[in-house]
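Have a look at the model first, then read on.

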Amino acid sequence: MSVRQMEGARAVAETVAACRPQVVCAYPITPQTHIVEGLGALVKTGTLAPCEFVNVESEFAAMSVAIGASAAGARAYTATASQGLLFMTEALYNASGMGLPIVMTVANRAIGAPINIWNDHSDAMSQRDSGWIQLYAETNQEAMDLHPQAFRLAEELSVPVMVCMDGFVLTHAFEALEVPDQAAVDAFLPPFEPRQVLDPDAPLTIGAMVGPEAFTEVRYLAFHRQREALTRIPEIAGEFRAAFGRDSGGLLHTYRCEDATTVVLAMGSVLGTLKDAVDGLRDDGERIGVVGLTSFRPFPMDAVREALGAAERVIVLERAFSVGVGGIVSANVHMALAGLDQRYHTVIAGLGGRAITGRSLRAMLLDAIGGRLDPLVFLDLDRGLVDRELERVRGHRRSGPAAENILRDLGIVAGGPHR
Amino acid sequence: MSTREIRYLQVGTHAVGNRLLDPSQRTVQADPERANALTCGHRACQGCGEALGARYVVDAALRATGGRLVAVNATGCLEVFSTPYPESSWQLPWLHSLFGNAPAVATGVAAALRARGLDDVRVLAQGGDGGTVDIGFGCLSGMFERNDDVLYVCYDNQGYMNTGVQRSGATPPAARTATTEAVGPHPGNPFGQGKDVPRIAMAHGIPYVATATVADLRDLEAKVERAMAIRGARYLHVLVPCPLGWGTPSNLTIRIARMATQSGLFPVFEARDGEVTGVTPIRQRVPVEDYLRPQRRFAHLFSHPSGAEALDRIRASAEANIRRYGLLDEEDRP
């Protein structure tokens, strides 16, 4: 194994190639595109063989090709982001409903409107009930390492797995990375042995209609398989550690949680900045720690309760939210902590690529420790901009599109504010 | 298949009995060893053109591939009536995913078979007209332009019959459906809409495109056989009357399909690499009225004041087909 300076997306492509996918379907969408570009080149040079690289006409087709490939006994892979993930939604549910172990990288990106290409978690969060396992990477190295683990998990349980990595922040970052060695991956990940396959010598009907007499049971089995994953995810991470010497994956990671009275839970690349902020507060004598959640689906209720149960104050920092409710991850965390006497805060941050700075995090955490933080906070929200638009809306029936009005207020669009 | 001239017509049907042919030229369905891939027990309506067409198509494809065949099915009547859980009528490996993705799923199956070195196993995808010309059209066009090794068969019954007879992009002008009711000054489906997917398929330059009907099942089998001898994307568009949706007696399915061709409204042809290479000429031309009148979906044409004008436009479209494909010899033209 060798450490090389490389782009996150390229490193993921090389790692996926080491997993020997037999069918890769590609449709471009920023910020995922470099991954399938990398794989396309590896197939074209013959480095990854045998593998069929299919340039499809949409993400809906990408997932559909993966469904057909997986049902025909091939290890199938694709990658997407944002609108692409939404466009394949119907096929996502179909893949999980049929128990097809497809692995897909999601380069997390915001969902429009307003159209925005930058990072947050609204895309993957929107598919939290699709029946896919969702693993969130903190670093590029973890994003890479999660792929062999994802194929293992998917194929053992017959459940599709999404590996979620922050768009741009990870996908486009160049850093020193270690692509897992081919022989080691081969030893870790056995060839795909499908549980069901389209075979002329043993004809099967796959995808039959199921009515009320058995639908609940079929769906319950999907639930059951994800519950099994709660056991297998940490075990597979342990095997990975034994084989590769790196602590990647698992249900969650804790950081400086011993004796912590305040614990912040988050997912993805923001954990790095968060740990820096926590280090600073620890230096100041605050008893504060971090929980990095890797497995969002299945949601590890017991592990979360164990990690957060002793804290007096729990802050969930999330890069998406449910309009009309608030936090999404928080809602799950609250279920895990039901009945405990704790203070809860949901902090929505980093939407559409807004930088989550160490300074903002430190101020927010100090507010929390000082009892000044509201239960639901939008970090670094420019309230003045919001109020100006609300004023316009009150003043004129035809106040125009909010997004463009706010860009005018910011001076990004020429012509001055609307009216 | 080779051809030879046989001077014998069965009265009415214009079909040649199998007994007059060499055993090698007899139909797949005449073979006691046929696959019977869509076996009995399914829930299709009496007189269902799609069930008949699908059985002939799949059996012919199975014979052509020596049984090395996988089928992918779009959501629709064919899928629903053939696989009521926990039963299945399919005697071959069969996969149903979604309504709009059958061509892409078939691409995936073909890619997997290639990657696994199973080049002898072939892929057939099938769907109704809704799944093909409307919701699955993007995936169909993608599969065509990539020239993926899939035979896609559209069983065209000219509407969304599974959901209760709504209009599709293949519903003919003036036809009554649940979403183009026979009411108002212009009853039925508007003129000037809809798409001609066989010609669109040809525009992709794919190696094989053909149309067929359940009125000429030997022709249907022969086209499947020819299609399976070719690698790459192939498209077969089969007209399959629907007694429920068309309002026709279930014993008239074949006759209605034949009148669709003999009126000129449904041209039967074959194309290679984007060029028409053969047409099935009209043998006994019938007026479009003869085709339309037995169908309740067109009843308003014969009672509504706008009917005469609508019939003129339908006649004109039959004429256009006859001219475009050369369906009549000059002396037969009116």
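Two strands count as paired if DSSP finds at least two bridges between them. With that in hand, take A:Thr205: its bridge partner in strand 2 of chain B is B:Trp94. Keep in mind that this is a predicted model.

**Strand pairing across the chains**

- Strand 9 of chain A, residues 205-206, is joined to strand 2 of chain B by two bridges, and the two strands run parallel.
- In general, strands of a sheet pair through backbone hydrogen bonds, either parallel or antiparallel.

**The interface as a whole**

- On the chain B side, 36 residues are in contact with 38 residues of chain A.
- Together the two chains bury about 2,800 Å², and 64% of that is on carbon and sulfur atoms.
- Three residues stand out on chain B: B:Tyr85, B:Leu98 and B:Ala115 supply 20% of the area chain B buries against chain A, more than any other three residues.

**Polar links and who supplies the surface**

- You'll find three salt bridges between chain B and chain A.
- In a salt bridge between B:Arg114 and A:Glu52, the side chains come to 3.0 Å, N to O.
- Several elements of chain B each put at least two residues on the side that touches chain A: strand 1 (69-73), helix 2 (77-82), strand 2 (94-96), helix 3 (102-115) and helix 5 (137-145).
- Helix 3 of chain B gives the largest share of that side, with nine residues.
- Sorted by class, the side of chain B that touches chain A has 19 nonpolar, twelve polar and five charged residues.

**A six-stranded sheet in chain A**

- Chain A has an open sheet of six strands in the order 10-12-11-14-15-16, and the pairing is mixed.
- Strand 10 (252-255) and strand 16 (376-378) of chain A are the edges, each pairing on one side only.
- From one strand to the next, the twist averages 20°.
- Four bridges tie strand 10 of chain A to strand 12 (residues 288-293) of chain A, and this pair runs antiparallel.
- Within that pair, A:Leu252 has A:Leu293 of strand 12 as its bridge partner.

**A helix across the sheet**

- Helix 11 of chain A, residues 301-308, lies across strand 10, strand 11 (262-266), strand 12 and strand 14 (313-318) of chain A.
- Relative to strand 10 of chain A, helix 11 runs at about 5°.

Note on methods: Residues are numbered from 1 along each chain as its sequence is written. Chains are lettered from A and ligands numbered from 1 in the order in which they are written. This is a predicted model: local features need pLDDT of at least 70, side-chain atom pairs count only at pLDDT 80 or more; totals for chains, interfaces and linings use all residues. Side-chain values use heavy atoms; hydrogens and water are left out. Contact means heavy atoms within 4.5 Å. Buried area is the accessible area (1.4 Å probe) that two parts lose on being put together, summed over both. A salt bridge is a side-chain nitrogen of Lys or Arg within 4 Å of a carboxyl oxygen of Asp or Glu. Ala, Val, Leu, Ile, Met, Phe, Trp, Tyr, Cys and Pro count as nonpolar, Asp, Glu, Lys and Arg as charged, and the others, Gly among them, as polar. Axes are lines fitted to C-alpha atoms, for helices over the stretch in contact, and angles run from 0 to 180 degrees between N-to-C directions.
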